[in-house]
Amino acid sequence: MKNLLFLFVLLSTLCRADDGYRLWLKYDLIKDAARRAEYAGAAQFIAAADKSPVVQTAAQELQAGLQGLLGKPVAMAPGAGGKTGGILLTVDANTNTANAEGYQITRRQNNIVVSAKTPAGVLYGTFALLRHLQTGQSLANLALSSSPKVKIRMLNHWDNVNGSIERGYAGSSLWKWYELPERLDPRYRDYARANASLGINGTVLNNVNASPRFMTTEYLRKVAALAGVFRPYGIKVYLSVYFPAPKTIGRLPGADPLDPQTQQWWNAKVKEIYGLIPDFGGFLVKANSEGEPGPQDYGRSHADGANMLGKALEPYEGVVLWRAFVYKADPKGDRFKAAYEEFKPFDGKFHPKVIVQVKNGPIDFQVREPFSPLFGAMPQTPLAMEFQLTQEYLGFATHLVFEAPLFKETLDSDTYAKGKGSTVAKVIDGSVHGYPLTAMAGVANTGSDRNWTGHTMGQANWYAYGRLAWDHTLPSEQIAGEWVRMTLTQEPNAVKRITNLLMRSRETYVDYTNPLGLHHIMGYGIHYGPEPWLDRAPRPDWRHTYYHRADSIGVGFDRTASGSNALALYAPEVQKQWNKPETCPLPYLLWFHHVPWTQKLSTGRTLWDELCTRYYSGAEAVAGMQKEWDAVRPAVDPEIFDDVAGRLAVQRKEALWWRDACVLYFQQFSKQPIPAPLPKPERTLAEVKELVDIYQMR
Ligand code: BDP
């Protein structure tokens, strides 16, 4: 009897087990019977008269979603034909939306009408309706309408031909190049569905450190096959370009962008690409950066290189996204200024097809960065935002860090480019300078792991990025709440708890890794765990002592006029916020100032005491996260629960590494005790170094 009971419990657990594959598109049966009845009454049929593949995709998605949510099939009707009680998907040029991809959802004559100017708008409206149902909201007074704020909303995959992913922590690449184009993995479609549900409409398939192979006919055929899967979901493919491809593949003597031979090669290549992929999105280029070749190898500029590709794309819809992530090994320079110094002189000199893609901060996806000064300095050049979803500097797929607050922090920063209110978001969406092209990119955190992102909670970063690329005004908390309800649980207390957990997670990570504006002190090369002591590397700006500059007086990088003067790259109003250590907000303090250990801060503590307090409270907050997660156990799937609980336990252990490593290391300079009542680390610096060294072994 007992055994039988055990078996029953085991079986029911197994049946419930959720491997996370379905992401936020779960469509499980709605438990609330009244709500279900309300929805069923309003969704008796689906009518999608428009026969375009994208609208038909929308109808199929709606049908599959409703089947799951209502637990019964919903028929497709050829048209409404005067019937009521159904959902109509209509393409109507007169729909009142701000742009072509926007949608409107209304109730008309007892039907729910999803309408848009274009098939893509209908698709996005359909997913918005599904989200409304998935999150259990009432249909009374249903009236939703939204239009995307930027035109190109893309993921950037740093995927290599051999299946590895640069900075990927969720398995190998989703793209099986050796099987393409003949075999289409069913997962390609699920990938497209997930993106379309967020409004993502572009994907760069390969690493910015690009292989020339992608420009061969052989590989372009593979790319075309993927494009065919993504097209009905409104997603275009883009490719990263290896700049000297004309030389490598075309066997030309060089790849000088001003050489007519090079130009002809690209013109022909682009023509070939469009023959295979008529809606090809365009090129992403990393050039003359971190050893990648580029136009400067031929004595030409970034503008020369970008404009050559822009010109080649002129007959087509595609664009060039030229990355501004560049920095030179200059021992006297400040890496902070590199992108600005290289790109600012070319403002207004780029071909109209070119967008310059800028990372959110001036250095490199650190846990917190001030916004890149370029966002305030390029009125005549469309700028795209590049965020990183894969947690290269945020604890890989082990640490729980919800990035929406990080994205929002940058987007909401005021550049003062055209007076107050010129936020980074409004620069990017074109409203400040009237950019004709607008774009946002997120470096993907997806991989072949069954749950896509390694850490289940990492799915929330993909989700949040997509939602913000669509509408940067959405609050982080709303996004977190939506995601939790669609992905983990609908139980109100658990929703609240997990949402709070997500919302605090990034600040917690900052506290136990890089409080008060410390940056770039992570493990060398691997970018994991602490390594503030690194003082030897092939380049000065790869040494961590270069960034924190700890000495017997204090710590931090003086970027004011008495130091590198990087602050001068910002508008005077921005400089004013940051230029005095006494008034600089604490999160940015050590980004801009070398502050004495004994300096009293606005918190009433000295810098040293504040630093220790943050390291300790951050590490303790992870224990708090574990407790919070334990409290939601009954409300979430057991497989997901265990997986997240396990990762939180690792996170707690590693938060203590960070804490001990950093306070003991900096203590060598401050020569001050760990302030009471904080306990002294139980290990020595040598011991914790030895431990983290094992993980960073080179
Ligand atoms: C750095 C990564 C490196 C990328 C580079 C880039 O460590 O792997 O290639 O960014 O964005 O953060 O090009």
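Is Leu-664 buried or exposed?

1. Leu-664 is buried in this predicted model. The relative accessible area of Leu-664 is 13%, and the cut-off for a buried residue is under 20%. Leu-664 belongs to helix α20. Leaving aside residues up to four places away in sequence, Leu-664 touches Pro-681, Arg-683, Thr-684 and Leu-685. Ala-686 is 22 residues from Leu-664 along the chain, and the C-alpha atoms of these two are separated by 9.3 Å.

2. The largest nonpolar core holds 227 residues. Phe-230, Phe-283, Trp-629 and Phe-666 have the most contacts inside this core. Helix α20, residues 638-670, gives the most to the core, with 13 residues. Apart from this core lies another, of five residues, including Phe-45, Ala-47, Ala-77 and Leu-88. As general background, nonpolar side chains in soluble globular proteins tend to be buried together.

3. The contacts of Trp-629, not counting residues up to four places away in sequence, are Met-457, Leu-488, Ile-498, Leu-501, Val-636, Ile-640, Phe-641, Val-644, Ala-645 and Leu-648.

4. Helix α15 covers residues 492-513. Its 22 residues should span 32 Å at 1.5 Å a residue, and the end C-alpha atoms are 32 Å apart, so the two values agree.

5. Eight strands form a closed barrel with parallel pairing, in the order β7-β8-β9-β10-β11-β12-β13-β14. From one strand to the next the twist averages 25°. Three bridges join β7 (residues 152-156) to β8 (residues 202-204) in the parallel sense. Met-154 has Gly-202 in β8 as its bridge partner.

6. With β12 (residues 354-359), β13 pairs in the parallel sense over four bridges, and Val-356 stands opposite Leu-383 in β13. With β14, the pairing of β13 is parallel and has five bridges; here Ala-384 stands opposite Ala-439 of β14.

7. How many of the six residues of β13 are buried? Six of the six are. Leu-383, Met-385 and Phe-387 lie on one side, while Ala-384, Glu-386 and Gln-388 lie on the other, and all are buried. Both faces of β13 are therefore covered, given that buried means under 20% relative accessible area. Side chains in a regular strand alternate between the two faces of the sheet.

8. Helix α13 (residues 459-470) lies across β7, β13 (383-388) and β14 (439-443). Relative to β7, α13 runs at about 155°.

9. Helix α5 (residues 187-198) has twelve residues. From first C-alpha to last, α5 reaches 17 Å, close to the 16 Å expected at 1.5 Å a residue. Eleven of the twelve residues are buried, so α5 is largely enclosed by the rest of the structure. Among the buried residues are Arg-187, Asp-190, Arg-193 and Asn-195, as well as Tyr-188, Tyr-191 and Leu-198. The cover over the buried residues of α5 includes helices α3 (53-70), α4 (119-134), α6 (217-230) and α13, together with strands β7 and β8. Gly-199 follows α5 and has a positive phi, near 95°.

Technical notes:
Residues numbered from 1 in each chain as written. Predicted model: local features only at pLDDT ≥ 70, side-chain atom pairs only at ≥ 80, totals over all residues. Heavy atoms only, no water. Helix = DSSP H or I, 4+ residues; strand = E, 2+ residues; numbered from the N terminus. Expected span 1.5 Å × (residues − 1). Core = buried A, V, L, I, M, F, W, Y, C linked by side-chain atoms within 4.5 Å. Buried < 20%, exposed > 50% of the residue type's maximum accessible area, 1.4 Å probe, protein only. Contact = heavy atoms within 4.5 Å. Pairing = 2+ DSSP bridges. Axes fitted to C-alpha atoms, helices over the stretch in contact; angles between N-to-C directions.
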